[in-house]
Amino acid sequence: MEFERAATVPPGPLTDPFGRGISYLRVSVTDRCDFRCVYCMAENMAFLPKQDLLTLEELDRLCSAFVAKGVRKLRLTGGEPLVRKGIMTLVTSLSRHLGTGALDELTLTTNGSQPMG
């Protein structure tokens, strides 16, 4: 099966329905969190099976595609992104876009309860 729709995506920056440029993207790397705050978790939270989550490589490709379409600020979030095994590999990989100037900011939102690494 061919994916001809991809060829019809207009070149240039992304815009919302109001014509505003989209330059900021938040990407959830997990639905897991070590806190059970009512702010973001339902009382009977159902987590996705791990095999249904995007791999780190898939997340890299997805984020890179958005950077290629004009996203200049990228925030990795979760649940708690530091509970995702190998998350720093993704951060390191995505930082290449900072080096090329294609990305202005690469940030990570965390509750700060997990050690990195």
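In what order do the 3 strands of the open sheet stand, and is their pairing parallel or antiparallel? The strands are arranged as β1-β2-β3, and the pairing is parallel. The model is a predicted one, in which local features need pLDDT of at least 70 and side-chain atom pairs count only at pLDDT 80 or more, while totals for chains, interfaces and linings use all residues. Residues are numbered from 1 along each chain as its sequence is written, and side-chain values use heavy atoms, with hydrogens and water left out.

The chain contains 3 helices and 3 strands; these are DSSP runs numbered from the N terminus, with H or I and at least four residues for helices, and E and at least two residues for strands. Along the sequence the elements follow the pattern β-α-β-α-α-β. Of the 117 residues in the chain, 26% are buried, where buried means under 20% relative accessible area, exposed means over 50%, and partly exposed lies in between (1.4 Å probe, protein chains only). Among contacts (heavy atoms within 4.5 Å) with a separation of 6 or more, 77% are between residues 24 or more positions apart.

Strands of a sheet pair through backbone hydrogen bonds, either parallel or antiparallel. Two strands are taken as paired if DSSP finds at least two bridges between them. In the sheet of order β1-β2-β3, β1 and β3 (105-108) are at the edges and have a single partner strand each, so one side of each is left without a neighbour in the sheet. Neighbouring strands are turned by 15° against each other on average, direction ignored; the axes are lines fitted to C-alpha atoms, for helices over the stretch in contact, and angles run from 0 to 180 degrees between N-to-C directions.

The parallel pairing of β1 with β2 extends over 5 bridges. Within it, L25 has L74 of β2 as its bridge partner, R26 stands opposite R75, and V27 is bridged to L76. The covered face of β1 consists of L25 and V27, whereas Y24, R26 and S28 form the uncovered one. In a regular strand the side chains alternate between the two faces of the sheet.

The largest nonpolar core has 17 residues, and V27, L74, L76, L90, L94 and L106 have the most contacts inside it. Such a core is a set of buried Ala, Val, Leu, Ile, Met, Phe, Trp, Tyr and Cys residues joined through side-chain atoms within 4.5 Å. Two or more residues each come from β1 (24-28), α1 (56-68), β2 (73-77) and α2 (87-94). Beyond residues up to four places away in sequence, L74 touches L25, V27, C63, L94, L103, E105, L106 and T107.

In α2 the buried residues are I87, L90, V91 and L94. They lie on the same side of α2, because they cover an arc of only 100° around the axis, the arc being that of the directions from the helix axis to the C-beta atoms. The buried residues of α2 pack against α1, β2, α3 and β3. Exposed residues T89 and T92 are carried on the face turned away from the buried side.

With residues up to four places away in sequence left out, D60 touches L90, S93, L94 and R96. The side chains of D60 and S93 are joined by a polar contact of 2.3 Å, a term for a pair of N or O atoms within 3.5 Å; within protein, one must be able to donate a hydrogen and the other to accept it, and residues adjacent in sequence count only if both atoms are side-chain atoms. D60 and S93 are 33 residues apart along the chain, and their C-alpha atoms are separated by 7.3 Å. H97 belongs to helix α3 (residues 96-100) and counts as buried because its relative accessibility is 11%. Apart from neighbours within four places in sequence, H97 is in contact with S64, V67, A102 and L103.
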